[in-house]
Amino acid sequence: MKIIKVLLSILIVLTALSFPIDYLRQSPLVREIAQLEAPVRFLDEVRFDALAEKYIPLGIEKEQAIRQLESYGFNIIRSDIVPRLLKCEQCDKEYIFASYQFKNIYIIPSYLVSIQIGFQNGRVNIIAAVLFHSHDFIL
């Protein structure tokens, strides 16, 4: 009888671990990103600049954009390195990199989202957003 209880406990734990962690808590932006066509593994990325602009409109203040992205579950990094997706000669020196990981199996991310934002006079001037496979974790 103990063996059955142990096996049942293991099955319950494995089922819980395979359930998407953030499925019930996803923000509207993340839910819309999840509905995009998935990129081909290792070959391409899916751009969704217009969708990102729907939630982080051009012209809003930098701090407001950061708070909004954080409320959507994104991790934020401020940097003076020009993002590879942005071509903005008139942008301020500080850029924002926002990232989000879709985790379909506990701990192992399957897709990564990157939103790169350039500012002019402290306001959002340009947004580049991309969804791609997590190459480091998918075999």
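Predicted model: local features only at pLDDT ≥ 70, side-chain atom pairs only at ≥ 80, totals over all residues.
# A tour of the chain, from surface to core

Residues are numbered from 1 along each chain as its sequence is written, and side-chain values use heavy atoms, with hydrogens and water left out.

Switch to cartoon. The chain has 4 helices and 5 strands, in the order α-α-β-α-α-β-β-β-β from the N terminus (DSSP runs numbered from the N terminus: helices are H or I with at least four residues, strands E with at least two). Of the 139 residues, 35% are buried (under 20% relative accessible area; exposed is over 50%, partly exposed in between; 1.4 Å probe, protein chains only).

Next, select Ile33, Phe48, Ile56, Phe74, Val113, Ile115 and Ile117. Within the largest nonpolar core, which has 27 residues, these touch the most other members (a core is a set of buried Ala, Val, Leu, Ile, Met, Phe, Trp, Tyr and Cys residues joined through side-chain atoms within 4.5 Å). Elements that each supply at least two residues of this core include α2 (28-34), α4 (62-71) and β4 (108-120).

Centre on Ile33. Leaving aside residues up to four places away in sequence, Ile33 touches Phe48, Leu51, Phe74, Phe102, Val113 and Leu131 (contact: heavy atoms within 4.5 Å). Then pick Leu85, Leu86, Cys88 and Cys91, which belong to a second, separate core of 7 residues.

Now show the aromatic rings. The whole structure holds 2 aromatic pairs (rings of Phe, Tyr and Trp, the last by its six-membered ring, with centres within 6.5 Å; planes under 30 degrees apart are stacked, over 60 edge-to-face, the rest tilted). Tyr55 and Tyr72 are edge-to-face, 5.7 Å centre to centre with 85 degrees between the planes. Tyr55 is in helix α3 and Tyr72 in the loop between α4 and β2 (75-79), 17 residues apart. Both Tyr55 and Tyr72 are buried.

Move to Phe74 and Tyr100. Their ring centres are 5.5 Å apart and their planes at 45 degrees, so this pair is tilted. Phe74 counts as buried at 3% relative accessibility, and Tyr100 is buried at 9%.

Finish at Lys62: its charged end sits over the ring of Phe119, 5.2 Å from the centre (NZ of Lys or CZ of Arg within 6 Å of the ring centre and within 35 degrees of the ring normal).
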